[in-house]
Amino acid sequence: MSNTAAAARYVGQSVKRLEDPRLVTGHGRYVDDIVLPGMLHAAFGRSDLARATITRLDTSAAEALEGVHAVFTGADLNSHNDSLRASLHPPESPSPPANMLADGDVRFVGDPYVMVVADSRYIAEDALDLVEVEFEPLDPVVNYETAAESDDLVHPELGSNLAHDLPVPNPAQQEAFEGAAHIITETWHQHRQTNVPMETRGIVASWQPHAGVMEVWASTQSPHEMQLVGARVLGIGEHKIVVHFGDVGGGFGQKMFLGREDMAVLVAAKLLASPVKWIEDRRENLLASNHARIEQMTVTMAVDENGNFLAADLDQLEDDGAYPLGGPATPGAMATMLYPGPYRMGPVSWRARTVYTNTCGRGAYRGPWQMESVAREQMIDRVAREIGMDPLELRRQNVLKPDDLPYQVSTGLFFETTISPEQTLEQAAEMIGYDDFRAEQAKAREEGRYLGLGMALYIEPTSMGMGPLGTESAMLRVEVDGHVNVFMGTGSHGQSLETTIAQLVADELGVRPQDVTLHQGHGSGYGFGTGGSRSAVIAGSAARGAASGVREKVVAIAAHLMEASADDLEVADGVISVKGTPAASMTMAQVAATAYQNSDALPEGMEAGLEHTARYKAPPSTHSNACHICTCELDPGTGKVTLLRYVVSEDCGVLINPMVVDGQIAGGVVQGIGGVLYEHCVYDESGNPLASTFLDYLVPTAAEVPDLECGHVVVPSDTPGGHKGTGEGGAIGAPPAVFNAVADALAPFGVYPNRQPLDPNAVLSLIASASDS
Amino acid sequence: MADQVPLSMTVNGRTRRGMGEPRLTLADFLREQALCTGVHLGCEHGVCGSCTVLMDGEAVRSCLLFAVQAEGADITTVEGLAPDDETLHPVQEAFRDCHGLQCGFCTPGFVVSVAAFLEANPDPSDDEIRHGIAGNLCRCTGYQGIVAATRQAAAVLKGEGQ
């Protein structure tokens, strides 16, 4: 075939990013850089109490301040919306009341109950100080472990604090437990953390009266979710919302969905018919955007006398907070279903429960259901310790091997033949020098030094192809001058899509990456955006399809004009030439000019122009896998943990840009390190958040992280480019790897950690508990 | 609202005059009146370092200064480092070469901080680099590319090439 792409020239290369020249010089355009004529600024007044009735709310003094245009309360604003429903949340599913501002009562510290719109942010915040409000405090529901039984209700409308309870018993599991040599049980806890994109949330909304159009600039991962939900909130057609997509300063799941504040800004902009900007401040981001990882899983595993896994029983409980971002979530159902991971686990029973509390709502955070890997990998180390086996040997014995594939998991998952858990396990073990480290560790222990090694092996379902997540489109047009514009529904916010999509298109179409410009937001076809490790596979495949369609036409036109056979032509770097006769050639620009401006010269019957749209439907799941191993030294005097080495062996299939893949992994790993050792959204027992600045919420700095070593196993997936998703994986593998390393370092004390964070206080308490017993 | 006061300073070699309340931060003056939107606000309490600029050659957090405190000062923002529209500063080039950025939001602060750090310590060890840039937060890169970029920029600025 003449129109098959040439051998990869750019895919697989660490092409320097096309985004970077503007970003390294300060010429990116983020939402706070948008300034419109007459633009007003919003600020929210937020509750300082976890649960309280509003007994008095007087905004008159605030309204009277010079420069204030409006002060909205819940009573003013909440009636102005048709629905706040996120697209992934089924309409019939029960959810917290659809309010943008608290009305009558407040349900967590940070709950917005008033919104000021003024000439400047300074004046808006001055006006907030003039709002007179009185509260009658109520007993808050803070502890999620007892929330389901509490008579105090977070949302009285729902009649219960239990949001979901999904029991999935399996008689085969119970049978397998009978007579098992070992039954081992533990409850694993994760603690409250948050995404912390360096750019907080933000939105600018501008209403055009009579045209009935809402123009939006937003810091979002999903321009189309912004458009769809915005249309629902405002009760207008989707075509009446124009979402501009600029640079977005990170999200990690937080910007996949609209917050209540985003919706309030949309409504306010319409009511005032003035552009309104809201930029979240860091305190708001830490207290009231979304939290994550607040969960525990009780795992009971049956193991035979030789260390073979027989069965598992799981009981997951998680905290949704008060207003979960994106609607009530059930990551626990995924966490339990995915628990078997890359092992022959045997039959599994599970139960997943979610509760509401008077705390900041839960939201998606990089690997939202990574509790499956946290609980499983920590449990496997525990099993190894209980039955006296080496943790690497125990994994080797139970890991899925190539001969096991394809593999039907008892929980319903199906693993294709293109996964490679055993290979990544072995590669990582070799990279870390497993046996040598064990020898070094033994020697160090004799010297009174505490070294530890932790590993985690996982399979991640990426690029999930169901429901609204299932597809992405690419509209590709070669312009008159030969430059390529691609319009896609993605929302790149650090993933480098302007470069990686350009690499894919460059190879498929036969141009250079710098000849391709990616356009996201307005004008693109529907897609769910960037998140869930989905853009390389789903959006990438759409881009390939569109490029391939155009290439076919380019070749046909060039063959006609050059009086050559299409089979004899090749296209590379924007030049169409006869194979073996490079002098006989045309440029992409010449072909494009003909297609648009001299269409009479086209082959008989060919449509003018040079464009193609493709939509790709993903399979249910494209699995990537990886193994993380790290080593640490623990100071028993101070409780400080220092990471020594960190290696990752991963398989994301065909790498589009190795530099970008390694970057994604490194970022996720350091978030995981931070989660286990440093970061904690602490609440006191009254529901007061204690980590409201970066002095309390400790994001790791360069001084806390080791060099990361990455190895790659490449087993192509069955999707068009052979890629697999890789955005979330680092944050999935790192928490259990780091946790296991610390637990291993503590093993000589005879203690069994089962909860994070493992900060110096926690480590010292564990050591103290050993000396007490 | 307090009375507005006149403000004047040199920003990236050009005189910038404006008006603002005494409470106007230097960061807001630079962003809104000097049009240097590369000055990013990541925390507004002096920890993340995204708003770092050079004031009379010293790296400062422009969110923690009032504009009036910079009256008459010589300010360099990230926009003022590259010699021209086609050429990057060696620190900027290194960040691109080493994938020292993903979303790019913290990048202006890092670039300015690293430029100042290497001015003060032209030949840093890896450990000095890690501690030298620990006053800036990045949530995307895990710092791997940033440390590598600082190493490369140090070599280039010393004239060792890449």
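Q: Domain bounds here come from an automatic or database domain assignment; into which domains is chain B divided?
A: In this predicted model, chain B is divided into domain 1, residues 5-80, and domain 2, residues 90-157. The C-alpha centres of these two domains of chain B lie 21 Å apart.

Q: Why is chain B called as compact as a globular protein of its length?
A: The globule rule gives 15 Å for 162 residues, and the radius of gyration of chain B is 16 Å, which is close to that value, so chain B is as compact as a globular protein of that length. The C-alpha trace of chain B spans about 50 × 30 × 25 Å along its principal axes.

Q: What percentage of the residues of chain B count as buried?
A: With the cut-off set at 20 or more other C-beta atoms within 10 Å of a residue's own, 61% of the 162 residues of chain B count as buried.

Q: How do you know that the span of helix H17 of chain A agrees with its number of residues?
A: At 1.5 Å a residue, the 20 residues of helix H17 (residues 658-677) of chain A should span 28 Å, and because its end C-alpha atoms are 28 Å apart, the two values agree.

Q: Why is H17(A) described as largely enclosed by the rest of the structure?
A: Of the 20 residues of H17(A), 18 are buried, so this helix is largely enclosed by the rest of the structure.

Q: How many residues of chain B are in contact with chain A?
A: There are 45 residues of chain B in contact with 44 residues of chain A. Helices H2 (90-97), H3 (107-120), H4 (126-132) and H5 (144-157) of chain B each supply at least two residues of the side of chain B that touches chain A. The residues on that side of chain B divide into 23 nonpolar, 16 polar and six charged.

Terms used. Residues are numbered from 1 along each chain as its sequence is written. Chains are lettered from A and ligands numbered from 1 in the order in which they are written. This is a predicted model: local features need pLDDT of at least 70, side-chain atom pairs count only at pLDDT 80 or more; totals for chains, interfaces and linings use all residues. The radius of gyration is taken over C-alpha atoms; the globule rule is 2.2 Å times the number of residues to the power 0.38. A residue is buried if 20 or more other C-beta atoms lie within 10 Å of its own, exposed if 12 or fewer, and partly exposed in between; C-beta atoms are placed from the backbone. Domain bounds come from an automatic or database domain assignment. Helices (H or I, at least four residues) and strands (E, at least two) are DSSP runs, numbered from the N terminus. The expected span of a helix is 1.5 Å times one less than its number of residues. Two residues are in contact if their C-beta atoms, placed from the backbone, lie within 7 Å. Ala, Val, Leu, Ile, Met, Phe, Trp, Tyr, Cys and Pro count as nonpolar, Asp, Glu, Lys and Arg as charged, and the others, Gly among them, as polar.
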